[in-house]
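Hi everyone, thanks for coming. Let me put the sequence and the structure up on the screen, and then I'll talk you through them.

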Amino acid sequence: MKISRRQFTAGTMVASAAAALGTFPFRSAIAQGGKPTIAFFVKNVTNPFWKACRIGAEKAAKELDVNLEVVAPTKPDNIEEQTRLVEDWIVKKPDAFVFVPVDYKALVPSIQKANEAGIPIINYNNKMTGIEKVTFIGSDDALFEYEICKYLFNSMGGKGKVVHIDGVPAAITAQMRKQGFERAVKEFPGIEVLASQPGQYRRLPAAQVFENLMQRFPEIDAVVSANDDMAVGIVEALHAAGRGGQTKVVGIDGIPDAIQAIAEGKMFATVDFSGHDQAYLGVQAAVRHLKGEKVPQEILLPVFIIDKSNVDKVARTPEERPVPSWDKVVGKA
Amino acid sequence: MTVQVVGQRTGMVKPELLGLSPDRLFVVVSRLVALLLIVVTMSILSPYFLTWSNLINVVRHAAPLFLLSAGLTLVVLTAGIDLSVGAVLGLSACLAASLITGGHPALGILAALGAGLACGLVNGTLVAYASVPPFIATYGMLWIANGLAYIFMQGEVIYGLPSEFRVIGAGFIGPIPVPVLIMIATLIALHVLAHKTPIGRGIYAIGGNPVAARLSGMPVQRRLVFVYAMSGLMASFAALVVIARTNAADVSLGEEQLLPAIAAVCLGGTSLFGGVGGVAGTAVGAIILALILNGMNLLGIGTFWQSGALGFIILVSVFTDQIVGGRIGRMSGVTQ
Amino acid sequence: MSLTGSHPQLVKRSRALQLLAELPGAAYLLFLMSVLLSFATPEFFSVANLTNVALQVAVLAIVSFGMTLVILTEGIDLSLGPVLGLCGVVMGLLVVAGWPLAIAVGAALLIGAAFGTMNGILVAYVEMPPFIVTLGAFGIAMSFAMVLTEGNSVTGLPEFVRLFNEGVFLGIPVPIWATAVCFAVTYILLYHTKFGRYTFAIGGNRQALILSGSPARFYQVLVYAYAGALAAVGSFIMTARMNAAHPTIGVGLEFDAIAAVILGGTSFEKGRGGITGTVIGALAVGVLRNGLNLMGVSTEWQVAVVGIVIILAVSLDSLRGLNQ
């Protein structure tokens with residue numbers, strides 16, 4: 001980890017000034033043998049993916065006896081509000097941030113302020129650059145989108161007509177996933193992309209866009225959706241139009257509804273991209289760091305494809321999901 | 001006193017189905033022409049457009065939007081606004097889905113409608129009795145309804161509604177989708193309410209000339225509470241149709257429903273100054289909106305342009321009403 | 001909208017009492033919250049946190065100043081949020097492309113004012129409802145910002161842009177200076193110029209003014225243009241704060257600004273209210289959000305609490321007859 005001299009001096013100045021004023025009592029609870037407080041950030045309180053993250057983090061907090069504060073903007077995915085949240089939490093000075101940015105670029109200055117205040121940052125899910133972080137825990141969006149597309153296209157014999165439903169175009173995850181999709185398409189000359197339209201990562205807009213596309217394309221062999229929430233909406237739209245079963249739908253996330261749909265044979269496959277595991281390991285990493293243990297700079301989680309063959313073995317809800325073993329994952333990474 | 005002239009907008013035009021004032025006739029005709037133009041242009045541009053299945057698809061999209069904006073229309077007719085409709089839709093959807101999947105369908109429907117009604121009653125009471133500006137009362141309610149939904153759901157999605165319930169959103173009677181039938185029935189009921197009952201006449205009078213309405217001894221406050229309650233109720237009704245269609249409910253269902261609902265009301269020719277317009281126009285507005293979105297998807301127009309195109313269309317429609325309709329109105333002497 | 005007058009029956013005991021009675025609900029709210037928070041969380045009354053709140057409120061306050069003028073003319077401007085986003089994007093793209101800062105800033109101000117002028121003309125001369133006009137402009141500004149950036153943040157801004165947020169002059173951060181300057185300029189415009197007199201007069205007497213042949217329409221356009229230009233000023237601070245210009249950064253800000261204006265005691269009708277109240281309104285919104293975070297209220301409850309507080313504060317004002 002490199003700390004530029006300017007940042008370092010700024011950091012020490014802020015710290016000493018604060019200490020002098022007595023407004024920032026330094027309370028590294030672990031050093032004092034108390035219960036550490038960790039601010040755990042999510043992007044919103046509306047999407048089940050972030051609920052799974054929260055449950056993962058809460059499991060770790062319970063095991064490790066940590067005081068976990070879940071921090072989310074009131075307006076889902078609102079950049080300006082998350083900036084204010086970070087600033088407010090710098091004032092409260094918890095022992096660590098387990099952080100996911102709603103925009104990986106726009107939150108950089110705020111997290112730099114947290115760096116200056118000396119709060120350790122564990123970055124999960126969306127990778128940030130230009131900040132000091134203890135570690136990044138997540139997986140490569142472009143890679144797993146590529147993997148599931150390859151899996152899908154192979155199952156189609158390498159040819160067919162495909163519709164791509166994108167997420168929120170401005171989101172980095174959507175851009176990376178689109179890259180992965182495009183990479184896979186390039187490798188399969190028999191695959192024809194009929195259309196690529198955004199579904200805002202949400203079920204209803206995705207279903208409506210797809211219903212309109214169904215009118216345009218009477219024959220669609222497969223749909224690649226940038227997340228499961230949209231994929232399930234598309235599956236519903238296909239069945240409502242009496243076209244269920246003819247089109248293979250794949251998504252990403254492994255949310256309970258999608259797993260259910262795969263078990264019922266309505267959906268083809270999804271990628272298990274576990275927010276639950278990322279968050280669990282994020283809190284683990286924070287505590288290990290506070291105890292002075294060495295944490296690797298990057299922890300990339302393995303992803304696996306869920307389809308009809310293994311769907312019965314997958315835990316349906318984040319509550320039931322077993323927690324990952326730190327040694328196993330970090331050993332692998 | 002010049003002010004008296006000023007206070008009247010289009011005068012006390014009696015709401016009648018036919019015998020519309022010339023400027024209103026322009027609004028009605030222009031909407032039908034716009035509808036025709038869109039249909040003709042789209043049929044030329046896209047071979048998939050003028051198919052039975054696509055047109056059914058369009059009205060199916062228009063139906064929940066209409067239900068949401070129909071109640072809002074009544075509010076707008078009184079020169080008010082209801083910003084909470086999307087949030088109330090989200091809250092009602094969550095309550096209904098939770099109880100219905102829990103095996104209490106009747107209770108679920110009642111709870112959703114009750115929640116919508118309650119939110120509307122609070123809005124109406126604040127506006128009518130506490131004189132809170134409608135914009136603020138309903139903006140506050142937007143936050144409250146969202147908050148209650150967040151607290152209730154804790155980030156969960158409820159999935160898998162029984163197929164008997166799903167009929168109202170995804171079913172067909174013959175070739176006609178059930179939501180479209182619901183839309184037609186609602187349209188008739190609200191049209192009769194607005195044009196054939198004292199309550200309806202009161203709604204128009206309050207928007208057209210509030211002072212006169214009060215002086216004539218009309219129970220203005222009760223009428224106001226009524227329209228906001230109807231708006232909340234219709235939002236929760238729309239919620240039932242939406243969850244029946246998507247087979248799932250989460251708190252974000254109502255997000256981004258507000259602006260299209262307001263747009264449908266305006267495209268339908270209801271004036272935000274109050275007193276002029278009606279639910280029939282809103283039905284046309286909702287269909288125009290659904291047609292435009294369908295058209296943009298069929299033509300593959302990028303989403304970045306979609307909100308701008310929508311904004312532009314709203315501006316053009318109200319602009320022509322104001323310029324052309326206003327001129328016709330003045331020529332015929334309706335606005336003195 | 002306010003058809004039922006509860007008439008203010010203020011007993012004129014003394015000037016001080018009267019002043020107290022005329023204070024908007026936001027002032028009481030601000031006072032109550034400050035006292036409560038000082039007890040509830042030790043961090044609240046620290047220099048660091050108060051600076052924090054002031055910085056957080058700066059953009060909201062600047063946008064709310066323009067919104068106040070628009071609302072005084074019985075109008076509303078829903079497009080200010082997306083216009084702020086667009087101005088930031090334009091400024092960002094120009095400086096990244098190597099244009100001098102002055103030109104980038106000028107272009108952004110021009111675009112803000114141009115959107116305002118378009119809104120103003122449609123409202124003042126075509127007599128379209130402000131709600132609809134600015135809703136249309138909302139969509140158009142958002143589309144422009146999205147198309148210009150293809151939905152991405154504009155990054156790689158030169159270091160000096162961050163001075164808009166991090167710069168300190170005479171010990172006070174630049175955003176606070178900017179807010180103070182915007183306040184002073186708006187205050188002078190509003191209370192010491194013809195522009196200000198027209199702003200107040202248009203609310204409530206617009207038709208009479210027009211019939212009497214005075215240039216009320218022209219001044220109404222100026223009000224919207226000024227609000228648009230202030231949104232551009234807000235965008236500079238916002239862009240510096242994020243060190244990036246994001247096309248959707250302003251969306252939702254317009255509603256917060258309207259809430260701040262109304263909480264500050266400005267009425268939707270008859271040109272009643274003023275700019276000082278708006279400062280209090282914006283601060284009340286800022287302190288409320290900051291306080292809820294510091295107290296560790298869960299997000300779900302925060303959402304509901306914000307709504308309840310807005311409704312309560314404005315209801316109290318209405319019942320006291322302040323919003324009539």
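Some housekeeping before that. This is a predicted model, where local features need pLDDT of at least 70 and side-chain atom pairs count only at pLDDT 80 or more, while totals for chains, interfaces and linings use all residues. Residues are numbered from 1 along each chain as its sequence is written, chains are lettered from A and ligands numbered from 1 in the order in which they are written, and side-chain values use heavy atoms, with hydrogens and water left out.

Okay, chains B and C. The size of an interface is often given as the accessible area lost when the parts come together. Here, chain C and chain B bury about 4,400 Å² between them, with 82% of it on carbon and sulfur atoms; that's the accessible area, with a 1.4 Å probe, that two parts lose on being put together, summed over both. Chain C brings 52 residues to the contact and chain B brings 51 residues, where contact means heavy atoms within 4.5 Å.

How many salt bridges are there between chain C and chain B? The count is 0, taking a salt bridge as a side-chain nitrogen of Lys or Arg within 4 Å of a carboxyl oxygen of Asp or Glu. There are 6 residue pairs in polar contact across that interface, both at pLDDT 80 or more. A polar contact is a pair of N or O atoms within 3.5 Å; within protein, one must be able to donate a hydrogen and the other to accept it, and residues adjacent in sequence count only if both atoms are side-chain atoms.

On chain C's side, the elements giving two or more residues are helices H5 (101-124), H6 (130-149), H9 (194-211), H11 and H13. Helices here are DSSP runs of H or I, at least four residues, and strands are runs of E, at least two, numbered from the N terminus. H6(C) gives the most, with 14 residues.

Now chains B and A. About 3,100 Å² is buried between them, and carbon and sulfur atoms give 49% of that. B:Tyr150, B:Tyr159 and B:Asn297 supply 21% of the area that chain B buries against chain A, more than any other three residues. The contact takes 36 residues from chain B and 30 residues from chain A.

This interface has 4 salt bridges. The side chains of B:Arg166 and A:Glu236 meet in a salt bridge, at 3.1 Å from N to O. There are also 11 residue pairs in polar contact between chain B and chain A, both at pLDDT 80 or more.

Next, helix H2 of chain C, residues 25-40. Its buried residues include C:Leu29, C:Leu30, C:Met33 and C:Leu37, buried being under 20% relative accessible area, exposed over 50%, and partly exposed in between (1.4 Å probe, protein chains only). What do the buried residues of H2(C) pack against? They pack against helices H11 (253-263), H12 (275-294) and H13 (299-319) of chain C.

Last stop, chain A, which has 11 helices and 12 strands. Of its 333 residues, 62% are buried. A:Ser325 sits in the loop between strand S12 (304-307) and helix H11 (326-332) of chain A. Its relative accessibility is 36%, so A:Ser325 counts as partly exposed. The side chain of A:Ser325 reaches the backbone nitrogen of A:Lys328 at 3.1 Å.

That's my tour, thanks!
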